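Subject: Structure handover

Hi,

Here is the structure I promised to send over. My notes on it follow below.

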Amino acid sequence: MTLRLVAWFFLWISGWCIASAATAHAGADLEAHARHRPPEMTVDQNGIIGGPLYVILNEAARRAGISITWIAKPFARSLVELQQGREVIVPRTFRTDERAIYIDFTVSILDRTKKVEFFYDRNRPVWINQYDDLYGYLIGVKRGTSYFARFDADTVLATDPVPDDTLLVRLLAAGRIDVVASVDRAAFEQAARAHQYQSWVTSDYSFTEITETLYAMKKGSLYYNRLNTALQAMITDGTITEIYNPAN
């Protein structure tokens with residue numbers, strides 16, 4: 001283990017302690033919202049937050065002299081609070097024209113592959129080999145999630161928005177939806193394991209695109225410029241790459 005990796009480990013631990021302690025105080029500048037999106041961001045059963053997006057934001061806030069408090073919150077609720085103009089910051093928020101009306105997005109810290117997959121129960125007559133095959137099925141989606149342009153704008157598709165993967169798994173297992181649309185396979189897999197649901201399978205059709213990795217803040221946030229400048233500096237000096245690839 002390199003000295004740099006050891007340093008980032010202690011940064012993660014200290015960041016968790018600071019964030020946990022901050023929840024008891026109302027004086028934090030920003031409230032940071034976490035949700036379980038492994039491996040980039042994790043929230044375990046005890047509410048402990050981790051992952052690269054967590055470490056990166058803690059370091060950017062330290063450099064910018066901004067205090068933050070972390071809280072686990074459903075993404076749909078985070079979007080509502082951004083619309084309301086609250087001083088919150090939400091990691092891993094996809095850019096859309098609608099969101100750009102009320103959100104200032106930070107610099108992209110990393111371009112990554114976004115894959116949208118469709119899951120169904122192997123014991124039911126579902127066939128999805130192309131986009132048009134989605135018509136006629138009731139599709140479970142996570143409320144507030146952006147999938148891809150055609151899917152998001154399609155008013156003919158029958159969708160059932162729910163708050164999280166746990167409910168998606170339960171609905172699929174019970175046969176109350178036919179298909180699940182997912183941008184977070186790992187999160188769905190974890191929810192399925194917790195529910196002991198094993199008969200789900202992945203359709204032949206999926207959609208892949210290169211997307212940005214962004215933090216979202218309200219329009220005109222007092223802290224946007226300082227935090228964005230710190231993130232840009234972390235890209236330039238290699239800190240972002242080091243946190244994402246600590247063994248290199």
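Asp 121 is buried, because its relative accessibility is 4% and the cut-off for buried is under 20%. Bear in mind that this is a predicted model. Asp 121 pairs with Arg 124 in a salt bridge. The closest N and O atoms of that pair are 3.5 Å apart. Arg 124 has a relative accessible area of 27%, so this residue counts as partly exposed.

Other salt bridges

How many salt bridges does the structure hold? The count is 23. Here are some of them.

Arg 185 and Glu 117 form one, with 3.1 Å between the closest N and O atoms. This pair ties together distant parts of the chain. Arg 185 sits in helix 6, residues 185–194. Glu 117 sits in strand 7, residues 111–121. Are they buried or exposed? Arg 185 is partly exposed, because its relative accessibility is 30%. Glu 117 has a relative accessible area of 9%, so Glu 117 is buried.

Lys 73 and Glu 81 make another salt bridge through their side chains. The N to O distance there is 2.8 Å. Lys 73 and Glu 81 are both buried.

There is also a network of salt bridges. Its linked residues are Arg 37, Glu 40, Arg 92, Arg 112, Lys 142, Asp 165 and Asp 184.

Overall build

The protein has 248 residues, and 49% of them are buried. Its secondary structure comprises eight helices and twelve strands. Take the contacts between residues at least 6 apart in sequence: 72% of these join residues at least 24 apart. The exposed surface comes to about 12,300 Å². Carbon and sulfur atoms supply 53% of that surface.

Largest pocket

The largest pocket holds about 630 Å³ of space. Its lining has 28 residues. Which of them are closest to the centre? They are Thr 96, Thr 145, Ser 146, Tyr 147 and Asp 152.

- helix 3 (75–83) and helix 4 (149–153)
- strand 8 (138–142), strand 9 (158–162) and strand 11 (200–212)

By class, the lining of the largest pocket has ten nonpolar, eight polar and ten charged residues.

Second largest pocket

The second largest pocket holds about 540 Å³ of space. It is lined by 23 residues. Closest to its centre are His 36, Arg 37, Asp 164, Asp 165 and Thr 166.

Helix 3, helix 5 (165–173) and helix 6 each supply at least two lining residues here. Which element gives the most to this lining? Helix 6 does, with four residues.

The lining of the second largest pocket divides into ten nonpolar, five polar and eight charged residues.

Best wishes

Key. Residues are numbered from 1 along each chain as its sequence is written. This is a predicted model: local features need pLDDT of at least 70, side-chain atom pairs count only at pLDDT 80 or more; totals for chains, interfaces and linings use all residues. Side-chain values use heavy atoms; hydrogens and water are left out. A salt bridge is a side-chain nitrogen of Lys or Arg within 4 Å of a carboxyl oxygen of Asp or Glu. Buried means under 20% relative accessible area, exposed over 50%, partly exposed in between (1.4 Å probe, protein chains only). Contact means heavy atoms within 4.5 Å. Accessible areas come from the Shrake-Rupley method with a 1.4 Å probe; for residues, only the protein chains shown count as cover. On a 1 Å grid over the protein atoms alone, a cavity is a set of points where a 1.4 Å probe fits but cannot get out, and a pocket is an open set with protein on both sides within 12 Å along at least five of seven lines; lining residues have an atom within 4 Å of a point. Grid points are joined across faces, edges and corners, and a volume is the space filled by probe spheres set on the points. Ala, Val, Leu, Ile, Met, Phe, Trp, Tyr, Cys and Pro count as nonpolar, Asp, Glu, Lys and Arg as charged, and the others, Gly among them, as polar.
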